[in-house]
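Please look through the sequence and the model together before reading on. The report below walks through the fold in short sections.

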Amino acid sequence: MKKMILLIILSILHQMGYTQIQIWAAINYPHSVTDSVKKSASGISGPGKPVTGNFFGGHVGMAKDDIQVTQENKSKYADGSAIVKGLIPNIKPVWDVHMRDAVIIVGGDGNYYLTGSTGDNIWKFNDGVEIYRSGDLVNWDYLGLVWSIEKDGGWEKQWRNHHDRPVRSVWAPELHYIHKNYFIVLSMPPGGISILKSTTGKPEGPYVHATDPQKPLLGGIGPIPASFLIDPTLFEDEDGKVYFTQGPGNFIVKMKDDMSGFAEDPHPVTLLQPDTIPQHHINNCSRNLYNDLGFEGTTLFKRNGTYYLGVTDKFEGRYSMMIATSKTIYGPYTGRYEAVPCNGGTNFFMSKNGDWFTCFFGDDSQAPWREKPGIIKIEFDKTGKINIAPKQPEFILNK
């Protein structure tokens, strides 16, 4: 089955124009090298603090490529023009903590749980998965590092070469409440995916591998082709069946009941009505005439009998989630539109009172900040299309 998945990915990459696939390798770096990386910054983001005052243009954290965003250069890396243009509301972060790929769920106990890529510099390393809890989306408690690479990891402990430097970091972890238990899916650069399960039925764990701890569920520790598999997500349907997809959302596959692996061969995702406008895709891309949703950060959910598949792309320069829908889990999916500007790499969730939200973290220059968790309230029109709700919660608005 893994061979089948690999062949599908290779075929898709070839269609996208990637005729050469970079190979990465697990490397036994000297301790002096890895210790130097770990001493360069903190591997956790920590408890954070409530957001006070006018956040717009305030501290915005770390941008891509190790560039520290400062008051002097924030207009280049986070100028808030999406707010100025009226594309998104004038929001502020729900919690002042450094985080990428923010995802919020409602747990089995009725609390909200937030996680994402944390640490000072996830491009090099971090310590593992951190989780935050809230009863109202306003006040958040820090549950700490619930899974440590060093203490709890299997294959994940290995340092690898990524862009000619050592890296060991958890990317885009997600917490899911499935089968009345908590599961974490995570990826590690330069590609490799694991699924963890709580041994206590509690979101704080402890967590063990649901899949083989000595090798990734997908991807690889190198050197193998197409090892760059990241951004996994899970979705539990109304009948209890659980589905997996990752990265560009180019296949969907059903999981075994115990979440230990795949129950079937993957189903390639077909997108009808492709968007062929170059400005609606990542720069300089020649991906099969743009016949896909995006390139990373996928999400999957269901509302009123309709499946929503989201994948992140650069839409007119914004890091946004592209949405397509289907009446069946495997598709084909139809339509492709920017649901909420600048909300790429996150998820959608229904609150306890039935309202719907999308998460937000800021990963483009049009966003109001960089790498902080936020939310935007959404609504669905009569056709099921996602729109930004005209009235937003007071606690996320900048005043």
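## The model and the chain

This is a predicted model, in which local features need pLDDT of at least 70 and side-chain atom pairs count only at pLDDT 80 or more, while totals for chains, interfaces and linings use all residues. Residues are numbered from 1 along each chain as its sequence is written, and side-chain values use heavy atoms, with hydrogens and water left out.

The protein chain holds 5 helices and 24 strands, where helices (H or I, at least four residues) and strands (E, at least two) are DSSP runs numbered from the N terminus. Of its 399 residues, 58% count as buried, a word that stands for under 20% relative accessible area, with exposed meaning over 50% and partly exposed in between (1.4 Å probe, protein chains only).

## Two open sheets

Strands of a sheet pair through backbone hydrogen bonds, either parallel or antiparallel. Two strands are taken to pair if DSSP finds at least two bridges between them. An open sheet of 4 strands has the order β12-β13-β14-β15, with antiparallel pairing. Because β12 and β15 (267-268) stand at the edges with a single partner strand each, one side of each is left without a neighbour in the sheet. Between β12 and β13 (residues 242-246) there are 5 bridges, and L234 has F244 in β13 as its bridge partner.

An open sheet of 5 strands runs in the order β16-β20-β19-β18-β17, with mixed pairing. Here β16 (271-272) and β17 are the edge strands, each with a single partner strand, so one side of each lacks a neighbour in the sheet. The antiparallel strands β18 (residues 306-315) and β19 are joined by 9 bridges, and V311 stands opposite M322 in β19.

## The nonpolar core

A nonpolar core is a set of buried Ala, Val, Leu, Ile, Met, Phe, Trp, Tyr and Cys residues joined through side-chain atoms within 4.5 Å. The largest one has 39 residues, of which I104, W140, I375 and I386 touch the most other members. Elements that each supply at least two residues of this core include α4 (81-84), β1 (100-106) and β19 (318-326). Leaving aside residues up to four places away in sequence, I104 touches residues including L137, W140, F349 and I375, where contact means heavy atoms within 4.5 Å.

## A buried aspartate

The C-alpha atoms of D364 and C342 are separated by 7.0 Å, although the two are 22 residues apart along the chain.

## Cavities and a pocket

On a 1 Å grid over the protein atoms alone, a cavity is a set of points where a 1.4 Å probe fits but cannot get out, and a pocket is an open set with protein on both sides within 12 Å along at least five of seven lines; lining residues have an atom within 4 Å of a point. The structure holds 2 cavities of 30 Å³ or more. The largest cavity has a volume of about 80 Å³, and its lining includes D101, E174, D231 and Y319.

The second largest pocket has a volume of about 730 Å³. Among the 25 residues that line it, F235, E236, F301, F348 and M350 are the closest to its centre, and β17 gives the most to the lining, with 5 residues.

Definitions and conventions
Points joined across faces, edges and corners; volume = space filled by probe spheres on them.
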